[in-house]
Every structure is written in C-alpha cells, then in structure tokens.
Amino acid sequence: MAITTSAETVKPIPPTIPIDLHHSILPADDSKPYIRLSQGSEYEHNFAEEAHPVSVNINDARNVLNWVNEFHMDKTGFQFVLDDKPSRDLLNAISHRDDERIQKEYYPMVEELLLREVEGAKKVVIFDHTVRTTLGGPQEDKEAPQGPQNRKPVRKAHVDQTTPAAIQRVHKHCPEQAEKLKKGRFRIVNVWRPLRGPVRDVPLAFCDYRTVNHASDLHATDLIYPGHTGEIFTVTHNPEHQWYFLRDQMPNEVALIKCFDNKEGVAKLTPHSAFDLPNPPEGTLPRHSIEVRTLVFDINPDQE
C-alpha cells in the first residue's frame with residue numbers, strides 16, 4: 001500500500017541537503033577486503049574508510065507525484081510501504097529486544113507484509129533480525145562500544161549480501177528445498193522499520209541502483225565471524241550515485257531494501273547507509289529501529 005498524505009499538511013523542504021557518507025577505500029596491496037568480528041564488540045579490517053560530502057535528495061512520499069512508480073525494488077532497489085499492523089505495545093517490546101515477542105508476533109507480520117507487497121512472492125523465510133539504537137548525540141553514539149545490547153546504526157555504504165552469500169543463505173536456511181527453490185526467482189529483502197518517529201536521528205539513506213556501477217563500485221568483502229565467514233559488498237565512492245531518504249519516517253512507513261535478486265533485467269540490490277542528519281531539531285529522540293532479513297521466493301514447494 002502506498003503512503004499518501006494530504007499535500008496541505010506537508011511543510012516545504014529543500015530539494016537536497018549536504019551530508020557526509022562514509023565509503024570504503026580498497027586495500028593498497030589489492031588483497032580482498034575483510035572485516036573480522038570477535039565475540040565481543042571489537043573488530044578489525046584491512047581497508048580504510050573516508051567520508052564523502054554528498055547531497056542527499058529528500059524524496060518525501062507526501063510530496064512526490066507518481067512516487068509509487070518512481071521508487072520500487074525492481075527499479076531503484078528499494079521502496080516504502082505503509083503498514084500499521086504492529087501495536088505501540090509491540091513496538092515498545094521490540095525496542096527493548098524482547099526476542100520472544102519479535103519472533104512470535106512480529107515475524108508473522110513481516111511475512112504477511114512481504115507476501116502482500118512483493119510481486120510474485122509465495123514463500124518467505126526469515127533468517128535473522130537486528131534492533132539498532134543510538135545513544136545520546138551523534139558523537140556519544142560513535143564513541144560508545146558496540147555489543148549485544150548496543151547494535152548501532154552502520155554509518156558506511158554497504159550491501160548485506162553478495163551472490164555467493166545469497167546462495168549460501170538458501171542452502172543454510174532451506175536445506176531440503178534449496179535446489180528446487182533456486183530454480184525460481186529468489187530475493188533477499190531487508191524489512192526496515194523505525195520503532196518510534198519521526199526519525200531525525202541517524203536516518204537511513206538508499207542509493208538508486210540505476211546510478212551504481214556494479215563492476216567498479218561494489219567490492220566483495222569477507223565478513224569473518226567466529227566459526228563461519230559471510231560476504232558483503234563494501235562500496236567505494238562514485239559521484240554519479242544518487243542517494244535518497246524518507247524525511248521524518250514514522251513506524252508505519254516501512255522500507256523494503258533489496259540485497260539480492262537472481263532475476264535479470266531488474267535492480268539487483270541497493271547500497272544503503274545510516275548518516276547523521278545535520279542540525280536535528282532540539283529534543284530529537286535517539287533512533288530505535290528493527291531490520292528483519294528475509295529470503296523471498298516465487299515458488300513454494302510446500303503448496304505443490
């Protein structure tokens with residue numbers, strides 16, 4: 001369902017705002033980039049990062065004519081949908097990391113949302129979720145250690161899965177049906193929802209896939225955990241990139257972020273990054289959000 005709001009209720013906003021987005025600098029020795037995570041909050045990597053000033057286009061669904069058709073996962077790699085189903089009580093429980101309620105109550109809502117909003121979807125497999133919060137102001141948040149109770153927004157352009165990692169996900173989470181499921185279309189979609197709003201503290205920005213050079217901008221990077229290794233894309237700066245975010249996003253305004261798609265001729269993914277909004281209004285609340293990562297299949301062997 002598209003987001004619609006009376007134009008009379010919307011305040012005029014500038015077309016763009018200048019921000020800094022963090023990108024990766026590849027290792028000087030041409031080795032494969034990696035990020036190694038420990039059991040605690042520490043991590044190491046073999047590449048540098050740099051902040052590039054960019055102008056983020058404010059594309060507000062309440063202001064943009066034909067907005068529904070302009071932003072779509074198969075076109076730009078991301079889209080926004082309206083979903084009022086979670087109660088305030090459930091959102092508060094999620095914010096406090098009540099994993100039992102997240103899995104028992106929120107997961108079914110996410111599955112229903114994707115089956116309704118993603119064209120052709122017949123089977124949804126949820127494989128994990130992350131609740132993220134900021135602590136105090138931007139500087140305090142950046143300096144605070146990260147751990148199980150402090151999963152901070154990721155202020156760096158990235159994509160959660162590469163092609164090998166996406167295929168690995170199918171085998172890991174659907175081992176008995178993997179070969180059959182891979183014969184049809186499958187996608188990895190992150191479902192990102194603010195838990196309170198409006199979001200004015202560390203919102204999320206999305207890069208239009210049509211402005212991404214897949215060969216030169218995206219770099220397979222090992223994500224090394226204790227016991228297993230995944231693979232993500234880190235992103236190098238390209239002045240052609242067009243970045244967007246939804247101003248004052250509310251909990252019922254859900255972002256669908258494509259991280260992988262095996263169909264040709266459509267947007268494959270979207271780089272995304274948290275960023276610090278310049279001069280947030282006084283009294284802005286720290287950001288609380290949840291992202292649920294899913295596999296979305298166009299065939300469902302259980303129904304055959």
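Visitor: Let's start with L223: buried or exposed?

Guide: L223 is buried, at 15% relative accessible area. Here buried stands for under 20% relative accessible area, exposed for over 50%, and partly exposed for what lies in between, using a 1.4 Å probe and protein chains only.

Visitor: Thanks! What should I know about the model behind these values?

Guide: This is a predicted model, where local features need pLDDT of at least 70 and side-chain atom pairs count only at pLDDT 80 or more, while totals for chains, interfaces and linings use all residues. Residues are numbered from 1 along each chain as its sequence is written, and side-chain values use heavy atoms, with hydrogens and water left out.

Visitor: Good. Where is L223 found?

Guide: In strand 10, residues 218–225. Strands (E, at least two residues) and helices (H or I, at least four) are DSSP runs numbered from the N terminus.

Visitor: And which residues is L223 in contact with?

Guide: Setting aside neighbours within four places in sequence, L223 has contacts with I35, L37, H228, T229, G230, E231 and I232. Contact means heavy atoms within 4.5 Å. There is also a distance for L223 and F233: they are ten residues apart along the chain, and their C-alpha atoms are separated by 9.7 Å.

Visitor: Zooming out, how many helices and strands does the protein chain have?

Guide: Seven helices and 15 strands. The chain has 304 residues, and 53% of them count as buried. Take the contacts between residues at least 6 apart in sequence: 78% of those join residues at least 24 apart.

Visitor: What does the accessible surface come to?

Guide: About 14400 Å² for the protein chain, with 51% belonging to carbon and sulfur atoms. Accessible areas come from the Shrake-Rupley method with a 1.4 Å probe, and for residues only the protein chains shown count as cover.

Visitor: New topic: how many disulfides does the structure hold?

Guide: Zero, taking a disulfide as a pair of cysteine sulfur atoms within 2.5 Å. As for individual cysteines, C174 is buried at 7% relative accessible area, and C207 is buried at 0%.

Visitor: Which residues does H241 touch, leaving aside its neighbours within four places?

Guide: C207 is one of them, along with T211, V212, D217, V235 and T236. H241 lies in the loop between strand 11 (228–235) and strand 12, and H241 counts as buried because its relative accessible area is 7%. H241 and P271 are 30 residues apart in sequence, with a C-alpha to C-alpha distance of 9.8 Å.

Visitor: Let's move to the backbone. Which residues does a cis peptide bond join?

Guide: G197 and P198, with omega about 0°. P198 sits in the loop between strand 8 (186–194) and strand 9 (204–207). Both G197 and P198 are touched by Q249, whose contacts also include F80, W192, P194, V199, V254 and A255, not counting residues up to four places away in sequence.

Visitor: Is Q249 buried or exposed?

Guide: Buried, because the relative accessibility of Q249 is 3%. Q249 lies in the loop between strand 12 (243–245) and strand 13 (253–261).

Visitor: What is the phi of D30?

Guide: Positive, about 65°, although D30 is not a glycine. Most residues other than glycine have a negative phi, and most peptide bonds are trans. D30 is in the loop between strand 1 (16–25) and strand 2 (34–37), and D30 counts as exposed because its relative accessibility is 73%.

Visitor: And R97, where is that?

Guide: R97 is in the loop between helix 2 (88–95) and helix 3 (99–117). R97 also has a positive phi, about 60°, without being a glycine.

Visitor: Which residues of helix 2 are buried?

Guide: L90, L91, A93, I94 and S95. These buried residues pack against helix 3, strand 6 (123–133), strand 8 and strand 15 (288–297).

Visitor: Last one: how many cavities of 30 Å³ or more turn up?

Guide: One, from a search of the whole structure, and the largest cavity has a volume of about 30 Å³. A cavity is a set of points, on a 1 Å grid over the protein atoms alone, where a 1.4 Å probe fits but cannot get out; lining residues have an atom within 4 Å of a point. Grid points are joined across faces, edges and corners, and the volume is the space filled by probe spheres set on the points.

Visitor: Which residues line the largest cavity?

Guide: H72, M73, D74, Q79, E117, V118, E119 and R187.

Key:
On a 1 Å grid over the protein atoms alone, a cavity is a set of points where a 1.4 Å probe fits but cannot get out, and a pocket is an open set with protein on both sides within 12 Å along at least five of seven lines; lining residues have an atom within 4 Å of a point.
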